[in-house]
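Thanks, everyone, for making the time this morning.

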Amino acid sequence: MAWIVGIIQSKGGAGRSTLATNLAAHFSLQEPTTIIDCDLPQGTSSSWYALRQARFPSKKFLLAQAHNHIELIQRAKEHAAISKYIIIDGPPRVAEATRAIMILSHLCLIPLGASAAEIWSTTDLLQTLSEAGNYKTEVDARLVWTRFREQTREAQILQNAVHSELKLEELRARLGYRVAFSEALARGLSAEECPDRNARMEVFELAEEVKKILAEKEQ
Ligand SMILES: Nc1ncnc2c1ncn2[C@@H]1O[C@H](COP(=O)(O)OP(=O)(O)OP(=O)(O)O)[C@@H](O)[C@H]1O
Ligand SMILES: [Mg+2]
């Protein structure tokens, strides 16, 4: 059985592809992994994957693309038979594909950066999450802080707003605001493959926390 991790956020530019590509790169070094790009025609994950394969060709790391929810369900089914991890990079809107990601995924991650707009768009997602919950016993969706600027007043205000407005669990692991993340994305790399030690550690901790959450579901 494959573990499916969906990355969803209706606000564009929130950090979905950054989360998806870093997690996929980490898992692909351990187990057969597929990244499914649902954000087409933009295709950030697809472009990143092409650069990565040119640099580090791997038969155990696959790309699939889905233009809509029907294609997504098909691709997920095909790849569940051959991969251990499937990471889905969702579209920047609440679409049918977003609902399908919620239903297919064992774990949904919602990146939340340092902007109030992302909190508002997460409120839209919450409505969709509760609807998706009608099709499945439990949709496990958790926030991931990204572009996080520790110890700034802005970060504190946003955290307080999130805790009072969005009743969602959040991961302990956070991604800081670091050039390594944009450089890695543009070069087909994971931030774990960049010189910035903090970025490397953040991705490692994120991936290990995701693995631990999934392992707990197996019991
Ligand atoms: N933690 C971070 N630190 C610095 N830059 C970041 C971070 N996370 C994302 N970025 C940058 O912000 C931009 C948007 O991030 P990303 O492409 O991951 O978001 P997205 O939600 O997939 O956006 P889109 O709606 O364009 O698909 C990219 O240039 C990315 O490199
Ligand atoms: Mg993207």
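Let me begin with the make-up of the site: by class, the shell around ligand 1 has five nonpolar, nine polar and four charged residues. Please bear in mind throughout that this is a predicted model. In total, 18 residues surround ligand 1, and the closest of them are Gly13, Thr18, Gln42, Arg147 and Gly176.

Turning to individual atom pairs, an oxygen atom of ligand 1 lies 2.5 Å from an N or O atom in the side chain of Thr18, and an oxygen atom of the ligand is 2.8 Å from an N or O atom in the side chain of Arg147. Taken alone, ligand 1 exposes 620 Å², and the protein buries 82% of that.

As for where the ligand sits, the space taken by ligand 1 is the largest pocket, and the elements that give two or more residues to the shell around the ligand are helix 1, residues 16–28, and helix 7, residues 179–187.

Now to the cavity. How many cavities of 30 Å³ or more does a search of the whole structure find? The search finds one, and the largest cavity has a volume of about 50 Å³. Its lining includes Trp145, Arg147, Phe148 and Glu154, and by class that lining has five nonpolar, three polar and three charged residues. Helix 6, residues 153–165, supplies the largest share of the lining, three residues.

Terms used:
Residues are numbered from 1 along each chain as its sequence is written. Chains are lettered from A and ligands numbered from 1 in the order in which they are written. This is a predicted model: local features need pLDDT of at least 70, side-chain atom pairs count only at pLDDT 80 or more; totals for chains, interfaces and linings use all residues. Side-chain values use heavy atoms; hydrogens and water are left out. A residue is near a molecule or strand if one of its heavy atoms lies within 4 Å of it. A polar contact is a pair of N or O atoms within 3.5 Å; within protein, one must be able to donate a hydrogen and the other to accept it, and residues adjacent in sequence count only if both atoms are side-chain atoms. Accessible areas come from the Shrake-Rupley method with a 1.4 Å probe; for residues, only the protein chains shown count as cover. On a 1 Å grid over the protein atoms alone, a cavity is a set of points where a 1.4 Å probe fits but cannot get out, and a pocket is an open set with protein on both sides within 12 Å along at least five of seven lines; lining residues have an atom within 4 Å of a point. A molecule sits in a cavity or pocket if more than half of its atoms lie within 2 Å of its grid points. Helices (H or I, at least four residues) and strands (E, at least two) are DSSP runs, numbered from the N terminus. Ala, Val, Leu, Ile, Met, Phe, Trp, Tyr, Cys and Pro count as nonpolar, Asp, Glu, Lys and Arg as charged, and the others, Gly among them, as polar. Grid points are joined across faces, edges and corners, and a volume is the space filled by probe spheres set on the points.
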